[in-house]
Amino acid sequence: MGTAENAMHSVDSETAAELERMLLSERARAARKQATWELEVVELALARLADGSYGACRQCGAAIALARLLAQPSAAHCLACQQNIERRYQVEQE
Ligand SMILES: [Zn+2]
């Protein structure tokens with residue numbers, strides 16, 4: 001882990017290790033399912049965990065709530081931005 005530990009702003013190293021374990025098991029599951037999109041999302045989360053940007057919303061940069069990360073370790077957006085994205089997506093579908 002090392003470098004990710006220092007840059008991690010809202011996740012302590014023990015939690016980060018737990019999240020990494022969760023992400024790795026997600027990756028194994030997605031690979032078994034051959035779910036390319038899911039696999040990509042998980043790979044991106046692992047890369048963010050490695051480079052220290054994990055846990056920050058990709059949209060607004062705010063810290064993603066820990067409860068949200070533990071429920072969905074591959075989450076790349078905070079709840080507010082995720083809801084905005086989903087709303088926009090639904091509007092585009094209509
Ligand atoms: Zn956000």
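User: Which residues does the UniProt annotation "zinc finger region: dksA C4-type" cover?

Analyst: Residues 57-81, according to UniProt. The entry is unreviewed. Keep in mind that the model is predicted.

User: How far apart are the end C-alpha atoms of that span, residues 57-81?

Analyst: They lie 8 Å apart. The span is 36% helix and 0% strand.

User: And which residues does UniProt list for "domain: Zinc finger DksA/TraR C4-type"?

Analyst: Residues 52-87, again from an unreviewed entry. Here the end C-alpha atoms are 29 Å apart.

User: OK, zoom out. How many helices and strands in the protein chain?

Analyst: 5 helices and 0 strands. From the N terminus, the order reads α-α-α-α-α.

User: What share of the chain is buried?

Analyst: Buried residues are 19% of the 94 in the protein chain.

User: And the contacts? What percentage of those with a separation of 6 or more comes from residues 24 or more positions apart?

Analyst: 48% in the protein chain.

User: Now H2 and H3. At what angle do they pack?

Analyst: About 155 degrees, with the axes 9 Å apart. H2 is residues 13-33 and H3 is residues 36-51. An angle over 145 degrees counts as roughly antiparallel, so H2 is roughly antiparallel to H3.

User: Is the crossing left-handed or right-handed?

Analyst: H2 and H3 cross in a left-handed way.

User: Which residues make the contact?

Analyst: From H2: Ala16, Leu19, Glu20, Leu23, Glu26, Arg27, Ala30 and Ala31. From H3: Glu38, Leu39, Val42, Ala45, Leu46 and Leu49.

User: Switching to Arg58. Where is its place?

Analyst: Arg58 is in the loop between H3 and helix H4, and H4 is residues 66-71.

User: Why does Arg58 count as partly exposed?

Analyst: Because Arg58 has 14 C-beta neighbours inside 10 Å. Buried takes 20 or more, and exposed means 12 or fewer.

User: What does Arg58 touch, leaving out residues up to four places away in sequence?

Analyst: Ala76 and His77.

User: And how far is Arg58 from Cys81 in space?

Analyst: 8.9 Å, C-alpha to C-alpha. In sequence, Arg58 and Cys81 are 23 residues apart.

Note on methods
Residues are numbered from 1 along each chain as its sequence is written. This is a predicted model: local features need pLDDT of at least 70, side-chain atom pairs count only at pLDDT 80 or more; totals for chains, interfaces and linings use all residues. Axes are lines fitted to C-alpha atoms, for helices over the stretch in contact, and angles run from 0 to 180 degrees between N-to-C directions. Helices (H or I, at least four residues) and strands (E, at least two) are DSSP runs, numbered from the N terminus. Angles under 35 degrees count as roughly parallel, over 145 as roughly antiparallel, 65 to 115 as roughly perpendicular and the rest as oblique. A crossing is left-handed if the near helix is turned anticlockwise from the far one by less than a right angle, and right-handed if clockwise. Two residues are in contact if their C-beta atoms, placed from the backbone, lie within 7 Å. UniProt positions are given in the numbering used here, feature names are shortened, and annotations may be inferred rather than shown by experiment.
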